[in-house]
Amino acid sequence: MNLLARNLVLSFETSCDETSVAVIENGNQILSNIVATQIKSHQRFGGVVPEVASRHHIEQITSCIEDALTEADVTYDDLSAVAVTYGPGLVGALLIGVAAAKAVAWAHQLPLVPVNHLAGHIYAARLVEPIEFPAMALVVSGGHTELVYMPEENRFQIIGETRDDAAGEAYDKIGRVLGINYPAGKPVDELAHQGKDTFNFPRAMDSDENFDFSFSGLKSAFINTVHHADQLNESLSKEDLAASFQQAVVDVLSDKTVRALREFPVKQLILAGGVAANKGLRDRLTSDLAAFPQTKLELVPLSFCGDNAAMIGAAGEMLYRHGERADATLNADPGLEFDWLKDEIK
């Protein structure tokens with residue numbers, strides 16, 4: 001086996017509550033993808049506790065590295081580069097991955113590649129098939145809701161983003177009101193498919209000409225509806241509440257995306273991020289994209305929608321080929337945006 005002919009990237013992802021290390025070959029073949037989840041540790045708090053997340057990363061990171069290399073059947077000498085998420089995310093959590101990646105890169109004289117977490121979510125699509133440019137990505141997760149236009153490889157332009165709560169964040173908040181443990185996305189999605197949109201919650205900014213999103217008002221309308229019913233001692237259908245909430249989210253996400261596709265024709269639309277696993281959203285975009293035969297819809301597989309190091313390796317290998325490098329001064333950047341690789345839309 002000629003390892004010298006391949007780009008083998010050891011990648012790290014610790015931006016939130018998943019400790020993950022992977023070995024990716026040529027940006028699209030997964031040799032290993034180790035994920036140590038922390039969901040059970042955070043459920044009792046109703047959400048991610050940063051200090052708890054950081055402690056878990058410290059406990060798990062070394063064993064994750066060892067398991068990733070063992071499963072991939074490679075050694076440090078076989079690697080081409082080390083890639084790591086350095087933002088956005090929880091600063092303490094990010095620091096664990098950045099420190100581990102810098103240590104490995106320094107100890108084994110390997111190039112260190114800094115990766116934007118959102119670029120990782122987008123390039124998860126590359127693990128299925130090549131990304132065709134120009135492309136667009138709808139990234140929807142617990143902390144992010146963005147429409148990203150990509151005229152070519154390694155060029156990103158955010159054309160729309162949330163002005164307050166991210167879609168996934170809103171799911172978790174209304175989930176608590178419904179008595180659903182964190183993370184609430186999947187259970188709310190399942191409830192929604194058993195109910196009907198009877199409450200007609202607001203679709204904020206849906207008719208605005210821009211491509212930005214807002215879910216804070218929807219979240220508040222949902223909570224106020226439930227609290228008002230409680231005060232009147234009325235019982236509301238959880239299924240209908242979930243269906244009404246989800247329909248409002250899906251309507252806005254899809255309507256804005258369709259409008260963006262009309263203004264920026266692309267060959268491929270990528271749906272990525274944790275909320276990309278939502279069946280209602282996947283079904284709606286599949287239906288709406290029938291009106292755009294020139295655009296292929298790429299639904300990131302459910303196993304790669306959540307945070308994982310394989311997606312960081314896919315993006316990291318691309319950045320490695322483009323000469324992106326970091327040195328020992330690399331630090332976590334919890335508020336990182338696409339500015340560092342942003343270019344003007346042509």
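Me: Is Phe222 buried or exposed?

Reply: This is a predicted model, in which local features need pLDDT of at least 70, side-chain atom pairs count only at pLDDT 80 or more, and totals for chains, interfaces and linings use all residues. Residues are numbered from 1 along each chain as its sequence is written, and side-chain values use heavy atoms, with hydrogens and water left out. A residue is buried under 20% relative accessible area, exposed over 50% and partly exposed in between (1.4 Å probe, protein chains only). The relative accessible area of Phe222 is 0%, so this residue is buried.

Me: Now the aromatic rings: what kind of pair do Tyr171 and Phe245 make?

Reply: The whole structure holds eight aromatic pairs, where rings of Phe, Tyr and Trp (its six-membered ring) pair if their centres lie within 6.5 Å, and planes under 30 degrees apart count as stacked, over 60 as edge-to-face and the rest as tilted. For Tyr171 and Phe245, the ring centres are 4.9 Å apart and the planes stand at 85°, so the pair is edge-to-face.

Me: At what angle do H8 and helix H9 pack?

Reply: Two packed helices are described by the angle between their axes and the distance between the axes. Axes are lines fitted to C-alpha atoms, for helices over the stretch in contact, and angles run from 0 to 180 degrees between N-to-C directions. For H8 and H9 (residues 279-288), the axes are 10 Å apart and the angle is about 35°.

Me: How many charged residues does the contact of H8 with H9 have?

Reply: Contact here means heavy atoms within 4.5 Å, and on the H8 side Gln246, Asp251 and Val258 are among the residues that meet H9, whose own include Leu281 and Arg284. Ala, Val, Leu, Ile, Met, Phe, Trp, Tyr, Cys and Pro count as nonpolar, Asp, Glu, Lys and Arg as charged, and the others, Gly among them, as polar. By class, the contact has five nonpolar and five polar residues, and the charged ones number four.

Me: Which residues does Thr257 touch beyond those up to four places away in sequence?

Reply: Thr257 lies in H8. At 0% relative accessibility, Thr257 counts as buried. Leaving out residues up to four places away in sequence, Thr257 touches Leu138, Leu147, Leu269 and Leu285.

Me: How many of the six residues of strand S7 are buried?

Reply: In S7 (residues 145-150), Thr145, Leu147 and Tyr149 point one way and Glu146, Val148 and Met150 the other, and all are buried. S7 is therefore largely enclosed by the rest of the structure, its buried residues numbering six of the six.

Me: Which residue in S7 is the bridge partner of Val139?

Reply: Val139 is in strand S6 (residues 135-140) and counts as buried, at 1% relative accessibility. Two strands pair if DSSP finds at least two bridges between them, and S6 and S7 pair in the antiparallel sense over six bridges. A hairpin of four residues joins the two strands. In S7, the bridge partner of Val139 is Glu146.

Me: And which residue in strand S8 stands opposite Glu146?

Reply: S7 also pairs with S8 (residues 157-161), antiparallel over four bridges. In S8, the residue opposite Glu146 is Glu161.

Me: In which order do the five strands of the open sheet run?

Reply: The edge strands, each pairing on one side only, are S3 (29-37) and S5 (112-116). Strand S1 (residues 8-13) and strand S4 (residues 81-87) run parallel, joined by four bridges. The pairing is mixed and the order is S3-S2-S1-S4-S5.
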